[in-house]
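Hello,

Here is the structure I said I would pass on. Please open it first, and then read the notes below alongside it.

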Amino acid sequence: MPHPVPRRSAPRVHAHLGLVSLAASALTLLPAGAARAAGEPVAAGAAYTVASGASGQCLGGLWATGDLEQNGSGWTFGPHTGTAGNNAHRGSRAAYLDGGTGYRISRSTTAPQAGGYDIGAWIASGAAGGTLTVQVNGATAGTVTIPSQRVYAQYTVSGVRVAAGDTVTVAVDSAPGGWVNVDDVTVAPAAPNAPRITSSDATVTAMFEWARAKANSFASSAAGAPDHMPYWAVNFDAKTPLSIDYRSPTSFVRELPAAFELAQKINEAYSWTGDTDYLNDPAISAFVASTVGPYITGHTGPIDNGGVPVAQATSGDIFKGVASYNENGATLAESGDAIASQYRAYLSAAALATAKGDTATAAGLNDKAATLKSYFNSTWSVDPRNPGRVVRAYDVNGTAYSDWGKENSWFVPLKGIMDPGARQNDYLAWIDAQASGSGASENLEAATYLPDVFFAHNQPANGWKWMRYVYDRAGAMHSTGRFLNGDYPEIAFTLLGQTVQGLLGVQPDAAGQALTTASGLPAGMGWLQLSSVPVGTGTVTLRHDGGTRSTLTNTSATGSLTWTARFTGAHSGITVDGAAQTARTTTVDGTVYTYATVTVPAGRTSVVEVTG
C-alpha cells in the first residue's frame, strides 16, 4: 500500500531498543529501572491484548484470553450481538452490537495479581450512547460513554484497582440509535504514579487529564536494528502492526534524526530517573557511543563540510534512508532536523559521559558540539543568495534551501543549535507565521513539536497556543482517514511533557537530588499546580502563580532536594519562605533569569517569590 505522506513520527514517544518511553518524561512511563532485563515484569504503559482481533493471545499472560477471531470464545453475547468480519480493527473479525437499548457483550476473568490497571478497547459506533464499563466483583469501577465515531478509536477506563482473585468484567452496551463494533480489548498496568493537576485555567486541566489517560492506554513496542537505526513504527495504519513503516529487520523506515533523538532521550531519561542502567547498560552505552561516532562517519554524502562531520543521506527512499523527517520534496543530503539533532546528541552523550566520570570523553564530545554549532551559524545555515534567511537543507546536488521545510525548519531552534539573538528571534517569528498559515502540516503529529520550540525559547504564549492547537484537534480525523488524531501516540505524550517541561519548566537532576524550575505560564493563566511529579525515587508538588511566585513541596518519604527556582527577567528582590535573599541572575539562551537555590527536606514546602 502507498505510504501516507506527509507525516512525522519521531522516536520520542515509543520505547525504542527496549529502553524507555519518552515524551511523558516523569509522569507515566519512566519509572526507575525502566531499562528492563528480559524476564522482568513489564513496566507501566506496556499493554496486553486480551481480546485481540489478530491472534487472541494474551501477551505476557497477564489476563485470561477471549478470542474474537474464534467467534468470540470466552465472551458472553446477548441478543442482537455477535461477531462479524466486515469491520474488524485488526485481524478478520470483531464483535458487533445492533442499534437499540439493552444489548450487551461482556467478558469476565479472574485477576491473577493485585494492582492498578487501565482497561480499554477499540470501538467504532454508528451512533452515540454506547458504553464501555469495567466492573470489579460486580461493582462498577468506571464507565466511558462512546460518541458517534465510525472509525475505530481507543477508549479506556483508567486506574482500575483489583486484588488477586477478583472477578473483572469488561462490558460494552449498545447505542440506542446505531451499531457498535468492538475489537482489541487491552489491559495495561497503570502507571505507578498518578500526577494530579489543578489550575485557574480549566483548559489545561482537561487537556492534562485527557492526555494522561490516553498515554497510559498505549502499548510500547520496538527493537534494535543492526545498523543502529531505531525501529519506531508501531501500527500507524491502525490495522496491521508495522506494515506501513516496517517490512523486515533489514527493511524499515530510516530517517537520520531518529538515532540522534534517541541518544538525547536516553540522557533525559537518566536525568528524570537517576537510573544507572542508562549509564552502564552495555547495549545502551554502545548505542549512544555509536550514534555520536560511527553512525555519523558512516553516513557520508556529496556535501563538503570542510572537515566538520555532518551526517548525510543520498536517497529519497525512506526505506533506504533519508536526511529528514519531512518526507516530501527534493532528495536531501543534509537537513536542519538532522544536523540540529546531531548537535543535541553530542551534548547528551557528553552529559552521560560526565555522569560516568569519563571527563575526557565528555570534553571531546562537548568540543564536537561547539564546533558543529559554530559551523552551523557561520557557514551551514547562511544562504549567500538570500541574505538574512536560514538554510534548512541541502540536496544531493549541493543546492541550499532556505524556504519553509517544516521539520527541517523548526528543529533548528528546537535543538538549540542556533545562536541566540535577533536572527533566532526573527526565525522563531517566521516559523510561527508559516506553521499558522499555508505552511501548516496536514498531519497533526508534526505540530506536536511546535509547543516545545517556543517553550525552549521563553515564549510561553506561543507554546501554550500550540498546545491548544494540538488538543483542539485531537478528536478530528487523521489525515490518512484511518483513525483519530488523538490515537496517534505523539498527541497525548507530548502534551504531558509540555505541561511539565514547558508550562512548569521542570529540569530534573535525579542523580544529584536536584531540580530547576522556571514558570512558563502564559499571561492569563493565573496559577498551575501539579502534584506527585516523580523525580528519581521521590516526588514533588510544584505550583506557579504567574511568573513571580513558585511553591515546591518535597513529597518524598526521605531525602532532601536542592531546588533552583528561576524567574524570567532581572528582578530587584527575591524572597525564600518570606526571608529576603540576594537577587542573583543567570543568562540561558539569551534570556536573563533571577534565581534562588534552596534545600527542601522531605515533607517540607518552600516558597520563592520575586519583586521589582
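The axis of a helix here is a line fitted to its C-alpha atoms over the stretch in contact, and angles between axes run from 0 to 180 degrees between N-to-C directions. Please keep in mind throughout that this is a predicted model.

Helix pairs

Two packed helices are described by the angle between their axes and the distance between the axes. Take helix H9 (residues 422–436) and helix H12 (residues 460–472): their axes cross at roughly 20° and come within 12 Å. Angles under 35 degrees count as roughly parallel, and H9 and H12 are therefore roughly parallel to each other. Their crossing is left-handed. On the H9 side the contact is made by Asp-432, Ala-435 and Ser-436, which meet Asn-462, Lys-465 and Trp-466 in H12. By class, the residues of this contact divide into 2 nonpolar, 2 polar and 2 charged.

The other pair is helix H2 (residues 257–273) with helix H4 (residues 282–291), which pack with their axes 10 Å apart at an angle of about 130°. H2 and H4 are therefore oblique to each other. The crossing of H2 and H4 is left-handed. H2 brings Ala-259, Phe-260, Leu-262, Ala-263 and Ile-266 to the contact, and these meet Ile-284, Phe-287, Val-288 and Thr-291 in H4. How many nonpolar, polar and charged residues has the contact of H2 with H4? There are 8 nonpolar residues and 1 polar residue, with no charged ones.

Strands of a sheet pair through backbone hydrogen bonds, either parallel or antiparallel.

Strand E28 (residues 605–611) can be followed through two of its pairings. With strand E22 (residues 549–554) it pairs in the antiparallel sense over 5 bridges, and there Thr-551 stands opposite Val-607 in E28. E28 also pairs with E24, again in the antiparallel sense, over 4 bridges; here Glu-609 in E28 is the bridge partner of Thr-575.

Another open sheet has 5 strands in the order E18-E19-E23-E27-E26, with mixed pairing. Its edge strands are strand E18 (507–509) and strand E26 (584–588), each of which pairs on one side only. Neighbouring strands of this sheet are turned by 25° against each other on average, direction ignored. E26 runs antiparallel to strand E27 (residues 591–600) and is joined to it by 5 bridges. Thr-587 has Val-592 in E27 as its bridge partner.

Salt bridges

How many salt bridges does the structure hold? It holds 11 salt bridges. One to look up is between the side chains of Glu-209 and Arg-212, at 2.8 Å from N to O. Both residues lie in helix H1 (residues 202–216), 3 residues apart, which is about one turn of the helix.

Regards

How values were computed
Residues are numbered from 1 along each chain as its sequence is written. This is a predicted model: local features need pLDDT of at least 70, side-chain atom pairs count only at pLDDT 80 or more; totals for chains, interfaces and linings use all residues. Side-chain values use heavy atoms; hydrogens and water are left out. Two strands pair if DSSP finds at least two bridges between them. Angles under 35 degrees count as roughly parallel, over 145 as roughly antiparallel, 65 to 115 as roughly perpendicular and the rest as oblique. A crossing is left-handed if the near helix is turned anticlockwise from the far one by less than a right angle, and right-handed if clockwise. Contact means heavy atoms within 4.5 Å. Ala, Val, Leu, Ile, Met, Phe, Trp, Tyr, Cys and Pro count as nonpolar, Asp, Glu, Lys and Arg as charged, and the others, Gly among them, as polar. A salt bridge is a side-chain nitrogen of Lys or Arg within 4 Å of a carboxyl oxygen of Asp or Glu.
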